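Please brief me on how this protein model is packed. Cover the sheet, the core and the aromatic rings.

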Amino acid sequence: MNQTSTGIGSNIYVNLPIQDVAAARTFWTAVGVRISEDYSDENALSLSFSQHVTVMLLARDFYASFLNGKPVADTQAANGAIIALDAAAQENVDPFVDAALAAGATEVPPSDPNPAQEMVDAGLMYGRTFTDPDGHQWEILWMSSEMPAG
């Protein structure tokens, strides 16, 4: 188990609000992401990206129940986060994003100027970004083992 000196961070569980659990299931199944049925129901869809990365997609009203009266962000109008997932190999990026696009995602072009362009040009990084049908922005990113330590 690889943890920081605080003992925190060996796994990540991201919770995101969604409009329609059934529609999200259709989208993510088409993309090829494993659904963890033990943690999914009419209010939630559990996406298992790896042993250490789980994303819980929660129906908006259910998501709101965790916010102590704070409003749920409208992810179609504003962005509060970019969810970045690593790809094991550069060759894994395009098929995954292409599957997301075929299932209804929208590709997000790189920023201009792209703050990572130097690393991309050097062949040290490759990625693509899309928004899912609920407006959440996902970045699928491969980074070479040659990347400078940061």
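The points below go from the sheet to the core and then to the rings.

This is a predicted model: local features need pLDDT of at least 70, side-chain atom pairs count only at pLDDT 80 or more, and totals for chains, interfaces and linings use all residues. Residues are numbered from 1 along each chain as its sequence is written, and side-chain values use heavy atoms, with hydrogens and water left out.

**Record and span**
- UniProt lists residues 10-143 as "domain: VOC", in an unreviewed entry. Its positions are given in the numbering used here, feature names are shortened, and annotations may be inferred rather than shown by experiment.
- The end C-alpha atoms of residues 10-143 lie 20 Å apart. The span is 23% helix and 32% strand. Helices (H or I, at least four residues) and strands (E, at least two) are DSSP runs, numbered from the N terminus.

**Sheet**
- Four strands form an open, mixed sheet in the order β5-β8-β7-β6. Two strands pair if DSSP finds at least two bridges between them.
- β5 and β6 (106-108) are the edge strands, each with a single partner strand, so one side of each has no neighbour in the sheet.
- From one strand to the next, the twist averages 30 degrees. Axes are lines fitted to C-alpha atoms, for helices over the stretch in contact, and angles run from 0 to 180 degrees between N-to-C directions.
- β5 and β8 run parallel and are joined by five bridges. L85 stands opposite I140 of β8, and D86 stands opposite L141 of β8.
- β7 and β8 are antiparallel, with seven bridges. R128 has I140 in β8 as its bridge partner.
- The hairpin of β7 and β8 has five residues between the strands, and G135 there takes a positive phi near 90 degrees.
- Five of the seven residues of β8 are buried, so the strand is largely enclosed by the rest of the structure. Buried means under 20% relative accessible area, exposed over 50%, and partly exposed in between (1.4 Å probe, protein chains only).
- α3 lies across β6, β7 and β8, at about 10 degrees to β7. Contact means heavy atoms within 4.5 Å.

**Nonpolar cores**
- The largest nonpolar core has 28 residues; W28, L47, L57, F130, W138 and I140 touch the most other members. Such a core is a set of buried Ala, Val, Leu, Ile, Met, Phe, Trp, Tyr and Cys residues joined through side-chain atoms within 4.5 Å.
- Elements giving two or more residues to this core include α1 (21-31), β4 (53-59), α3 (93-102) and β8 (137-143). α1 gives the most, with five residues.
- I140 touches L85, V93, F96, Y126 and F130, among others, not counting residues up to four places away in sequence.
- A second, separate core of five residues includes A44, M56, L58 and V72.

**Aromatic rings**
- The structure holds seven aromatic pairs. Rings of Phe, Tyr and Trp (its six-membered ring) pair if their centres lie within 6.5 Å; planes under 30 degrees apart count as stacked, over 60 as edge-to-face and the rest as tilted.
- F49 and W138 have ring centres 5.7 Å apart and planes at 40 degrees, so this pair is tilted. F49 lies in the loop between β3 and β4 and W138 in β8, so the pair ties together parts 89 residues apart in sequence.
- F49 is partly exposed, at 24% relative accessible area, whereas W138 is buried, at 0%.
- F96 and F130 form a tilted pair, 6.5 Å centre to centre with 45 degrees between the planes. F96 sits in α3 and F130 in β7 (residues 125-131), 34 residues apart. Both are buried.
- Ring pairs link F27, W28, F49, F96, F130 and W138 into a cluster.
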